[in-house]
Amino acid sequence: MILSCNHIEKAYGVDVILKDVSFFINDNEKAAIVGMNGAGKSTILKIIMGEISKDGGEVVFAKDKTVGYLAQHEEADLSCSIYEAVLEARSDLLSMEKRLRQMEEQMATISQEELSDFMEQYHRLQDEFEEQGGYTFRGEITAVIRGLGFSDEEFGKTMQALSGGQKTRVGLARLLVSKPDLLLLDEPTNHLDIASIEWLEDFLKNYKGAVLIVSHDRYFLDRIVTKVIEIENRVSKVYKGSYSDYSRKKEEARAVYIKHYLEQQAEIKHQEKVIQTFRGFKTEAAIIKAKSREKALDRIERLDKPMELRQDMHLRLEPGIESGKDVLHAEDLSKSFGDKKLFSDVQLDIKKGERVAIIGANGTGKTTLLKILNGMLDSENGSFQYGTNVVPGYYDQEQQLLSEDKTLFDEIGDEYTDMTNTRIRTVLGAFLFTEDDVFKRIRDLSGGERGRMSLAKLMLSKANFLMLDEPTNHLDIVSKEILESALNDYTGTVLFVSHDRYFINRTATRILELKDGAFHNYLGNYDYYLEKSRQLTQELLSTNSVSEADNTKETEAQLDWQEQKRQAAEKRKLMNAIAKVEKEIEQLEQELALIEEKQADPSIATNSGKLNEWANKHFAVSEKLEPLYTKWEQLTNEV
């Protein structure tokens with residue numbers, strides 16, 4: 001066991017965040033903490049790291065274990081490059097490497113009496129350096145930076161030139177390459193595109209240490225974790241298995257909990273009715289019985305109301321007007337920004353009732369397409385038109401048309417005057433605005449809250465063709481499920497951009513992948529897209545192999561006899577040159593082996609003068625070998 005949290009409690013004044021949270025993490029285990037926004041998931045991570053104090057309970061770490069937490073890494077020097085910032089996270093290996101080089105330079109000057117102890121220290125340090133990955137860490141750093149979505153051209157970009165999201169990715173890279181025994185990750189997929197998220201999934205699945213993740217990305221969790229720690233009603237419950245296993249077990253547990261809750265509510269109402277009846281008799285015996293039952297009723301540990309019975313957590317939406325069968329037709333759409341071409345010759349037809357997801361890497365033009373379809377940007381070529389009775393509605397977190405001075409309640413009520421107060425609260429509750437939250441002013445909302453409010457207004461509009469850009473951002477898992485259910489029951493049409501693969505899988509009936517400037521169509525959900533795209537990739541590789549073989553045969557047939565003869569002579573010449581170089585390399589390598597054998601001789605190893613002499617010979621031979629290796633590589637490439 002690497003971490004144990006026992007009966008953790010935390011409150012801010014009278015607001016109890018955590019009442020009784022207990023779980024443990026074993027070595028190499030991958031676990032997730034899930035729960036609604038505000039349940040205390042990030043609070044637990046901060047308590048574990050000692051960033052905030054706990055009111056009760058204990059956090060116990062195994063001895064001599066290292067812990068990595070993204071928030072604890074200080075921001076790197078803004079003047080350094082991305083590569084330098086990540087490399088600095090392995091300062092331990094850099095220091096060891098520097099010390100090894102210093103010791104190598106000192107070898108020739110060490111006295112005979114000190115040499116034996118010195119070499120023992122050197123070999124001990126060398127073994128430690130190798131054991132900790134000293135000979136591979138630079139390659140691993142490059143792989144991590146690339147995996148998190150940075151191109152090779154960006155390696156030299158300074159931290160100062162990065163966006164907030166890019167700096168977060170650099171921070172994540174620094175954490176991953178430091179390889180702690182326990183990784184604590186709070187929303188690690190933020191600011192990553194699907195390709196980078198998939199890379200991170202593979203990295204974490206194969207990670208040698210333990211991982212504890214807080215994330216709303218259910219697809220991501222499903223591929224990594226083997227344990228789910230749920231925080232609900234301020235207490236924890238641990239489920240073994242993947243996220244899907246947790247979801248299934250949770251549904252079963254919910255059904256049992258609801259049954260017990262309803263039975264308890266029925267019993268409470270029965271007792272209250274009996275107490276009221278006894279009080280109505282006015283006799284002393286009846287009053288004593290009423291008081292006795294009241295005391296018994298007070299002693300009942302009442303169950304919290306299940307989420308499924310909170311009416312404000314359900315949302316059903318219907319378009320105000322029905323559209324025709326053809327919703328959108330686009331022809332030859334193209335868009336570039338400067339020299340960068342995003343897409344060209346896009347053909348797009350969307351029919352009534354479809355839920356189409358647009359996926360692709362960051363910067364490929366997904367959001368740009370939505371903005372063109374909403375008249376916010378012009379395309380360079382092509383055209384598009386909406387079908388009969390189509391009323392488009394657009395959700396873009398950067399374009400939130402809200403009245404700053406209004407409360408949330410008034411923002412909805414003033415625009416939809418036929419809605420009851422209960423209905424307004426129901427809608428706001430579905431988007432996480434409950435109780436007194438509904439009386440907040442728009443101007444006092446955070447960026448995430450403004451996004452949720454804009455989404456709520458759009459879902460209530462008369463639009464029958466919803467275009468949504470990352471609609472699940474800033475929603476917790478329960479709210480995502482509510483939105484999924486609402487969209488699946490929606491009789492209008494939906495076109496959306498999302499990186500949330502679980503959401504895509506649950507809602508999309510068709511997927512458009514934007515890749516290499518073109519849209520590729522897949523008739524199905526995300527799982528179907530994955531299966532089909534892998535199949536197409538394999539077919540393409542197979543076709544290319546056959547084509548290359550056919551092309552080779554065709555080319556050879558076209559060469560006349562003289563050309564073939566010339567090529568054969570050239571090849572013989574190269575092969576003879578390679579044989580000559582290989583012979584020289586073999587002779588020098590044998591010479592090097594003899595020198596190394598001499599250096600290992602105790603009579604030489606303990607004589608600093610002779611050792612220095614043989615070291616110079618070793619260096620001279622090595623200097624001759626290096627250009628021969630280069631020449632051999634060039635010749636083989638020519639062949």
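Of the 639 residues of the chain, 43% count as buried, where buried means under 20% relative accessible area, exposed over 50% and partly exposed in between, with a 1.4 Å probe and protein chains only. The model is predicted: local features need pLDDT of at least 70 and side-chain atom pairs count only at pLDDT 80 or more, whereas totals for chains, interfaces and linings use all residues. Residues are numbered from 1 along each chain as its sequence is written, and side-chain values use heavy atoms, with hydrogens and water left out.

The chain exposes about 34,300 Å², of which carbon and sulfur atoms supply 48%; accessible areas come from the Shrake-Rupley method with a 1.4 Å probe, and for residues only the protein chains shown count as cover. Among contacts between residues at least 6 apart in sequence, 68% join residues at least 24 apart, a contact being heavy atoms within 4.5 Å.

The secondary structure comprises 20 helices and 18 strands. These are DSSP runs numbered from the N terminus, helices being H or I of at least four residues and strands E of at least two.

Strand β14 runs parallel to β15 (residues 465–469), and four bridges join them. Tyr 395 stands opposite Leu 468 in β15.

A three-stranded open sheet has the order β11-β10-β13 and antiparallel pairing. At its edges stand β11 (340–351) and β13 (381–386), each with a single partner strand, so one side of each is left without a neighbour in the sheet. The twist from one strand to the next averages 15 degrees. Strand β10 (residues 326–337) and β11 run antiparallel and are joined by eight bridges; Ser 336 stands opposite Lys 341 in β11. Helix α11 (residues 366–373) lies across β10, β11 and β13, running at about 120 degrees to β10. For such angles, axes are lines fitted to C-alpha atoms, for helices over the stretch in contact, and values run from 0 to 180 degrees between N-to-C directions.

The cysteines remain to be considered. With a disulfide defined as a pair of cysteine sulfur atoms within 2.5 Å, the count comes to zero. Cys 5 counts as buried because its relative accessibility is 1%, and Cys 80 counts as buried at 13% relative accessibility.

Technical notes: Two strands pair if DSSP finds at least two bridges between them.
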